[in-house]
Amino acid sequence: MPDEFRSFIQIHHLVESDGRILLAVSGGIDSMAMAHLFLSIGMRPGIAHCNFSLRAAESDMDEEFVRDFAKQHDLPFYSVRFNTREYARNRKISVQMAARELRYEWFEKIRKAYHYDLIAVAHNLNDNIETLLINLTRGTGLTGLSGIRPSVNHIVRPLLFATRQKITEYCNENRIAFREDRSNAGTKYTRNKIRHLVLPILKEINPSVEETLNETAQRFASLDKIIAGHVDQLIRTTSVSSGDTTIFSVNKLTELNPDRALLFEVFSRYGITGSGSSGLFGLLKGRTGKMLITETHRIVKNRNELIVAPVARRESFDYLISKPVDLNDVPGIMSAEITDRGPDFIIPCESNVACIDLDRISFPLVIRGWKRGDFFYPLGMNGKKKLSDYFTDRKYSLPGKENARILESDGKIVWILGERLDERFKVTSSTTKILLIRLRPCRSS
């Protein structure tokens with residue numbers, strides 16, 4: 001098995017011989033086999049262990065077991081303890097998803113802090129085909145049928161060539177100790193149902209079903225690369241991007257005479273699932289304001305456009321500004337300073353710059369998101385205007401409205417950041433001191 005291990009690493013260019021690699025080791029059979037295999041080919045990895053506090057004393061015993069292994073082989077050891085259930089409750093996600101988020105975020109922190117090149121996780125061939133079957137059952141596109149990739153960013157999976165049976169035989173032959181997670185024997189979770197109930201039946205039909213499905217996943221992965229290149233080209237010709245927002249032309253999409261499969265491939269990267277792809281046709285022909293919301297993005301029809309933007313976790317825009325210098329700590333503000341209104345001062349005609357009469361505002365100021373009922377006196381106009389009407393006149397999209405921020409003084413709107421100043425706070429001939437605020441320029445991609 002060490003020869004196959006080394007060969008798989010070389011074929012997929014996973015690890016350089018002189019690379020620094022961090023192993024994610026739970027103490028289970030797969031990760032312990034992986035750790036021993038790296039040692040067998042002469043590498044000295046670091047060992048990282050997550051204690052998710054899900055199995056009481058057993059979780060602590062797992063941690064101690066892995067710690068002892070690292071000490072026995074004189075390997076660097078890193079560990080962390082998570083309150084996984086509390087994290088899952090706070091984020092309103094499953095315990096499994098919480099554990100995944102926690103461990104990968106922590107692995108990356110350790111990788112950067114201790115200058116490792118890669119993180120190795122012990123997914124095996126059976127994990128790969130189980131993922132394929134889970135995705136197929138739930139509905140997926142080509143990417144979902146491609147299974148688990150050997151390498152993504154800084155994550156490598158050097159055991160994907162080995163079946164669970166082969167790993168077990170290797171550990172038995174080499175007397176490799178490991179910890180057994182008893183929850184793996186149950187059928188509570190979807191993956192365990194596939195593992196213990198579905199695959200045994202499929203093996204009755206085809207004893208080599210594991211290898212067959214793995215080869216099928218590899219063919220889908222190759223096809224996915226081909227299709228992805230075509231889809232990337234379609235996206236470039238039908239949309240423009242600004243920051244993390246992508247705007248599709250409805251006319252250009254319609255000209256493609258797209259079917260459901262094509263729309264799915266275009267929008268799957270924005271969280272659209274197989275069942276949700278049928279709604280895209282309605283969105284193309286729908287009225288302004290109609291939308292689809294996925295787990296990651298919102299797709300909004302806005303006149304002749306589809307605007308795709310990440311679903312923001314509602315972080316408050318509220319910042320309390322006690323003194324002018326505090327403005328420099330607000331995300332998106334490049335600089336804030338007080339300057340004299342001298343005879344040579346020229347007011348910049350830029351939307352990302354505000355010149356405010358310092359004597360007309362009172363601290364603390366507030367920067368916040370807009371809300372229904374807000375109004376202001378637009379610069380250059382005599383009367384007041386509701387912000388909702390102003391946004392409509394300016395053809396703001398729904399994401400644009402939601403991202404709008406307001407500078408407020410004593411309950412009065414001073415400035416719609418990056419947009420328009422209020423008439424009441426403009427610089428006049430009698431102004432002596434100016435609060436000059438510059439926003440960071442928006443980046444386009």
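These legends accompany several close-up views of one predicted model.

The model is predicted, so local features need pLDDT of at least 70 and side-chain atom pairs count only at pLDDT 80 or more, while totals for chains, interfaces and linings use all residues. Residues are numbered from 1 along each chain as its sequence is written, and side-chain values use heavy atoms, with hydrogens and water left out.

**View 1. Aspartate 127 and its partner arginine 164.** Aspartate 127 is buried, at a relative accessible area of 8% (buried is under 20%, exposed over 50%, partly exposed in between, with a 1.4 Å probe and protein chains only). Its side chain makes a polar contact of 3.2 Å with that of arginine 164 (N or O atoms within 3.5 Å, where one must be able to donate a hydrogen and the other to accept it; residues adjacent in sequence count only if both atoms are side-chain atoms). Beyond four places in sequence, aspartate 127 also touches other residues, including Asp30, Arg191 and Arg195 (contact means heavy atoms within 4.5 Å).

**View 2. The largest nonpolar core.** This core holds 36 residues, and Val15, Ile21, Leu23, Phe38 and Leu159 have the most contacts inside it (a core is a set of buried Ala, Val, Leu, Ile, Met, Phe, Trp, Tyr and Cys residues joined through side-chain atoms within 4.5 Å). Among the elements giving two or more residues are helix H1 (2-11), strand S1 (21-24) and helix H2 (29-40). H2 provides the largest share, eight residues. Leaving aside neighbours within four places, the contacts of phenylalanine 38 include Phe5, Ile9, Met43 and Pro158.

**View 3. A tilted pair, phenylalanine 248 and phenylalanine 267.** The ring centres are 4.9 Å apart, with 45° between the planes (rings of Phe, Tyr and Trp, the last by its six-membered ring, pair if their centres lie within 6.5 Å; planes under 30 degrees apart are stacked, over 60 edge-to-face, the rest tilted). Phenylalanine 248 lies in strand S8 and phenylalanine 267 in helix H12, 19 residues apart. Phenylalanine 248 is buried at 0%, and phenylalanine 267 is buried at 1%.

**View 4. Charges over rings: arginine 20 and lysine 384.** The charged end of arginine 20 sits 4.2 Å from the ring centre of tyrosine 116 (NZ of Lys or CZ of Arg within 6 Å of the centre and within 35 degrees of the ring normal). Lysine 384 lies over the face of phenylalanine 375, at 4.4 Å from the ring centre.

Conventions
Helix = DSSP H or I, 4+ residues; strand = E, 2+ residues; numbered from the N terminus.
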